[in-house]
Amino acid sequence: MQFPFIEQMKLGSRLEAAVPKDKIGDVKVMNNEYDNEKFFEEYAKMSRSKEGLKAAGEWHQLKPLFPSLEGKSVLDLGCGYGWHCKFAEEQGATKILGIDLSKKMIEEAQKRNSGNQIEYRISGLEEYDYPENEWDCVISNLALHYIEDIVEIFQKVYRTLKPGGIFLFNIEHPVFTAGVGQDWIYTDDGKPQYWAIDNYFITGERNTHFLGCDVVKQHHTLTQIIMGLLNNGFELKVVEEAEPPKEMMDIPGMEDELRRPMMLLVKAIAKK
Ligand SMILES: C[S@@+](CC[C@H](N)C(=O)[O-])C[C@H]1O[C@@H](n2cnc3c(N)ncnc32)[C@H](O)[C@@H]1O
């Protein structure tokens, strides 16, 4: 199985997306692979983990979508290692909060991407309080496909954005999340033959498997995502499907990433 474009995300998925079961204090934590040292070793080997945003296949498309952040406040939902929080600080943001359900990811963020303007907090997207009119910009990269009720999060994001605030996110594409086993169908000699989609309109839980780990993700249709925004006060500014950049095309298997969309990038503005 080769997914050079998405490898890190799939690995991330397996790290963090298992069903929350335990609690530490009042924070839900995942009873899953990211507590597994071996798994974290593998995760840390990914180029995205080692090199940050420049090694992320979607970055060449996501970066230009950021609004000016000079003097702005930024909330990052599912911040992981905190790369986007650090980027926001470098762009002049003066108040940045990265939240993530994973204690280990937050610890990594504090180690790798701390900053005077940045606070990291262990919190599920579902538990954060989303204070009214608090943030100029809310970002979320590759975390929303772990959320069952995505429309509820859209409503909360709308509430917490200031009038005219920007919501910028990257989510696994519905074509990808509806993929059978979220993997290719292979030829007998192991080549990706096609990407099968099934049960597209049956939304919700998808059980996936990667690096020996079981991970639960959530499938949302395109209608749910787009209409979920439009019905809740957002105006769409940009919708893009991530394609790997030319510079990455010599990576083995990368050309297959042009055969189906894997990530959906959306920029929306809160009309108030
Ligand atoms: C693939 S990683 C992406 C991390 C980071 N946004 C990035 O792009 O580098 C997905 C992140 O979402 C977090 N996550 C998953 N479900 C979550 C939830 N319900 N609440 C908060 N964070 C969650 C995971 O812990 C993980 O850090």
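Colleague: How much of the protein counts as buried?
Modeller: Of its 272 residues, 43% count as buried, meaning that 20 or more other C-beta atoms, placed from the backbone, lie within 10 Å of the residue's own. This is a predicted model, where local features need pLDDT of at least 70 and side-chain atom pairs count only at pLDDT 80 or more, while totals for chains, interfaces and linings use all residues. Residues are numbered from 1 along each chain as its sequence is written.

Colleague: How many helices and strands?
Modeller: There are 9 helices and 13 strands, taken as DSSP runs (H or I, at least four residues, for helices; E, at least two, for strands) numbered from the N terminus.

Colleague: Which residues of H7 are buried?
Modeller: In helix H7, residues 150-160, they are Ile150, Ile153, Phe154, Val157, Tyr158 and Thr160. They span an arc of only 170° around the axis, which puts them on the same side of H7; the arc is that of the directions from the helix axis to the C-beta atoms.

Colleague: What covers them?
Modeller: The cover includes strands E3 (73-77), E6 (135-141), E7 (161-172), E12 (234-241) and E13 (263-270), and helix H9 (222-230).

Colleague: At what angle do H7 and H9 pack?
Modeller: About 30°, with their axes 9 Å apart. H7 and H9 are therefore roughly parallel to each other, a label for angles under 35 degrees.

Colleague: Which residues make that contact?
Modeller: Ile150, Val151 and Phe154 of H7 and Gln224, Ile225, Gly228 and Leu229 of H9, where contact means C-beta atoms within 7 Å.

Conventions
A residue is buried if 20 or more other C-beta atoms lie within 10 Å of its own, exposed if 12 or fewer, and partly exposed in between; C-beta atoms are placed from the backbone. Two residues are in contact if their C-beta atoms, placed from the backbone, lie within 7 Å. Axes are lines fitted to C-alpha atoms, for helices over the stretch in contact, and angles run from 0 to 180 degrees between N-to-C directions. Angles under 35 degrees count as roughly parallel, over 145 as roughly antiparallel, 65 to 115 as roughly perpendicular and the rest as oblique.
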